[in-house]
There are 2 protein chains.
Amino acid sequence: MNNMQGYRGTRDFLPKEWKIQKWLFANLREISNQYGFEEYEAPIIEKLELFTKKSGDEIKKQLFNFKDKSGRELCLRAELTPQLARYIVQYGKGLKKPLKWYSIPRLFRYERPQKGRYREFFQYNADIIDSNLKGTAEIINLCIDILNNLGLKSKDFVMKINDREVVDKLIKKYKVKTEEFYSLLDKKYKMSEKEFFKELDKISKSKELKKILKLKDKECLAEIKKNGINTERMEELFKLCDEEFIEFDLSIVRGLAYYTGIVFEAYDKKGYFRSLLGGGEYDNLISDFGGPKIPCVGVGISDGTLPLLLKKKKLLPTEFKNYLFIATIGEVYEKAGEIAKELRAKRLNVYLNTSDLNISKQLELADSLNYQKVLIIGERDLKKGEVTLKDLETGKEKKVKPQELTEIL
Amino acid sequence: MNNMQGYRGTRDFLPKEWKIQKWLFANLREISNQYGFEEYEAPIIEKLELFTKKSGDEIKKQLFNFKDKSGRELCLRAELTPQLARYIVQYGKGLKKPLKWYSIPRLFRYERPQKGRYREFFQYNADIIDSNLKGTAEIINLCIDILNNLGLKSKDFVMKINDREVVDKLIKKYKVKTEEFYSLLDKKYKMSEKEFFKELDKISKSKELKKILKLKDKECLAEIKKNGINTERMEELFKLCDEEFIEFDLSIVRGLAYYTGIVFEAYDKKGYFRSLLGGGEYDNLISDFGGPKIPCVGVGISDGTLPLLLKKKKLLPTEFKNYLFIATIGEVYEKAGEIAKELRAKRLNVYLNTSDLNISKQLELADSLNYQKVLIIGERDLKKGEVTLKDLETGKEKKVKPQELTEIL
């Protein structure tokens, strides 16, 4: 074959890369389990209509869709939430609510690959089905703990939070057009302040609105309240989350569809990358799929941006240690196999040399695989009732009796 | 939507089912890591030619293939080995051999769904790249340990082993047609002994061959040797594996393509199901994909048959315990949140009630989620400086001071 490379936008995970990926997943699982969230999974192939019926044209263009050999219209899932909605409609009656669920699905989107954006990627999802403001706080705290546990502190990231009900009330009060206002908020950090207010001026001449948008965080929220708009939920949410990490930001809107209340996104403070994660409250999704009306909250963390930040901050693990490598010299394989069996019965990680490599090549292999210790079993040594235990970190070695090994190791 | 069910041949993994799946994967990983095998992963979407170029028409009919929006011919991977071959060709020069690698890929085949056979499934793969007979023994021992660790003993399963070189020598010596002989061997257990020998009679009149095929296991192997055919590798392999679990069986052939030497399959002894796992030595695959000629050995264990046997033998776990559920009565959520935070900092699994359910509904929820303990934080109790710790297994409860909790739990 001429071109053996994988398909554009997919990634090859050799052991070295896959270990980092698994480390990330283990972190996500650890904190999710700590919070009492339960993991689930869903198929990769779904009927096309599950994804096209409720989503806009944008997702349709991004779908990998195809027909099976019987002509059924299928697609690779581009997000998990429609599948979650399907589960609630299909199995919801037998499940005690609230559901606190998470998953780390592999997702597929046909878009132009770029740094931190792939056609095939993993995206952590956590949702509470039948939620309320406390549930929203729980999800936000879960996200903060996940980022903390990965080594990111409040100097590294900020969780920006907004309430779409507040935005909608501003729209009503100041008589701006919904789409125009949302679109402008969404672009706030993509333009200079001067440009932003020039654009705002085209939409609204209100001095009050301008003042609100000049202010940040708590001051912005206070100004909104002063103008007679109910900001109680945001205030209550601030009490339930760790203030060190959160910030009120009117420009977090997360598109027009889907979300109905509080929305949030985490960003690295230096502004190197796109958002690290994003989520919010959605009240209509389950009913859109034919189920009951249930308030929900959810978050997605893709493996695109976050690892880039971890790498930049030198927070990705660089070494994964293995334990014992059994090297062999001469005709000692059966004895080596016995020793490996005994040590593995003790749940130890034991590599048994099965190759015909000479001893120095075996030691190179053990080193390249990050083994801490090498047990060298040689034909001559064995006749004297000895084997050699070498510590690859210190370089020290000592002779030991084979029967002592299960105690020493 | 009228029909909310998933696509035919896919499975929905709600937390209850996914826990069992994860338990199976954890077992596979545990033993593979013990043996010093390293995990890797590969993309789900591949270029179609990677799968069609070297495989026969059979796999082509079973592929989910499609074009992307730029007209590129793609497919969902139906097996992992072509991707492994691609890795070796693409990255092999930088990797010290032998490679001992495993993976638990999600695979896709368009075939008729039936019990234990899905269109979307997981299949554990372990391979040694640059292997020899000791490597084959290591893979077989790895498989035996995996089955043992899942609770299956020698009364439950047998590892049937054959050597295709021996079969080929029989073909040459007794002048039978390769395809006819392979096909007959493959069907041996699907027909009665009488039928089998009637069919054999059509292919060969040799009394020696008939005698060989009447015998089993070691006796069969001895008879082959007696007729002047070299059986050294099989004999050597028997020394390197645990005899309790293995059996020589001429009828294990694993199709015409792909394998070149030793082949093996594990079966449940009662014959309830198809094979539990299968693998063997393959020497030409890497070179078929344009790489060097490297002897390899590999095994595949799909999540179709094995869980069916584990279920029948009552070896699947039935309960996964959670630790602490914090229930709340009245306006105590902020205090409950503080306590949850402290206990989670100790790495404990702590569910925090965020719902407005009454206390008896909360206890029902805790019970249904298999929590061992419930901490009940009530408004009145809290004023007295007390909370209630209830053991859901014994039903016993006691009052404790909130500040004592990090020590008690």
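Student: What rotation superposes chain A on chain B?

Tutor: A rotation of 180 degrees, with 0.0 Å of shift along its axis, and the RMSD is 0.0 Å. That is the relation of a two-fold axis. Keep in mind that the model is predicted.

Student: Which residue of chain A comes closest to the rotation axis?

Tutor: That is A:Phe66, with its C-alpha at 2.9 Å from the axis.

Student: What does the domain assignment give for chain A?

Tutor: It gives domain 1, made of 15-42 + 77-312, and domain 2, which covers 322-408. Taken over C-alpha atoms, the centres of domain 1 of chain A and domain 2 of chain A are separated by 52 Å.

Student: Switching to chain B. How many residues does helix H14 of chain B have, and what does it reach from first C-alpha to last?

Tutor: H14(B) runs over residues 333-345, so to speak of its length: 13 residues by the DSSP run. From the first C-alpha to the last, H14(B) reaches 18 Å, close to the 18 Å expected at 1.5 Å a residue.

Student: Which residues of H14(B) are buried?

Tutor: B:Tyr333, B:Ala336, B:Ile339, B:Ala340, B:Leu343 and B:Arg344 are the buried residues of H14(B). Buried here means under 20% relative accessible area.

Student: Where do those buried residues fall, seen down the axis of H14(B)?

Tutor: They fall within an arc of 130 degrees, so they line one face of the helix.

Student: Sheets next. What is the order of the open sheet of five strands in chain B?

Tutor: The order is S14-S13-S15-S16-S17, and the pairing is mixed. Strand S14 (350-352) and S17 of chain B are the edge strands, each pairing on one side only. On average, neighbouring strands in this sheet are turned by 25 degrees against each other, direction ignored.

Student: How many residues of strand S16 of chain B are buried?

Tutor: Four of the five residues in S16(B), which spans residues 387-391, are buried, and the strand is mostly covered.

Student: How many bridges pair S15 of chain B with S16(B)?

Tutor: Four bridges, with strand S15 (residues 371-378) of chain B and S16(B) antiparallel. In that pairing B:Val374 has B:Lys390 as its bridge partner in S16(B), and B:Lys373 stands opposite B:Asp391.

Student: What about S16(B) and S17 of chain B: parallel or antiparallel?

Tutor: Antiparallel, again with four bridges, where S17 of chain B covers residues 397-400. B:Lys390 has B:Glu397 as its bridge partner in S17(B). That puts B:Lys390 in bridges with B:Val374 and with B:Glu397.

Student: How many residues lie between S16(B) and S17(B) in the hairpin?

Tutor: Five residues lie between them, and in the turn B:Gly395 has a positive phi of about 80 degrees.

Student: Other sheet. Which order do its three strands take in chain B?

Tutor: The order is S2-S4-S3, in an open sheet with antiparallel pairing. Its edge strands are S2 (45-47) and S3 (65-67) of chain B, and each pairs on one side only. Neighbouring strands of this sheet are turned by 40 degrees against each other on average, direction ignored.

Student: How many bridges pair S2(B) with strand S4 of chain B?

Tutor: Three bridges, in the antiparallel sense, with S4 covering residues 73-76 of chain B. B:Lys47 stands opposite B:Leu74 in S4(B).

Conventions:
Residues numbered from 1 in each chain as written. Chains lettered and ligands numbered in written order. Predicted model: local features only at pLDDT ≥ 70, side-chain atom pairs only at ≥ 80, totals over all residues. Heavy atoms only, no water. Domains from an automatic or database assignment. Helix = DSSP H or I, 4+ residues; strand = E, 2+ residues; numbered from the N terminus. Expected span 1.5 Å × (residues − 1). Buried < 20%, exposed > 50% of the residue type's maximum accessible area, 1.4 Å probe, protein only. Arc of directions from axis to C-beta. Pairing = 2+ DSSP bridges. Axes fitted to C-alpha atoms, helices over the stretch in contact; angles between N-to-C directions. Least-squares fit on C-alpha atoms with pLDDT ≥ 70 in both.
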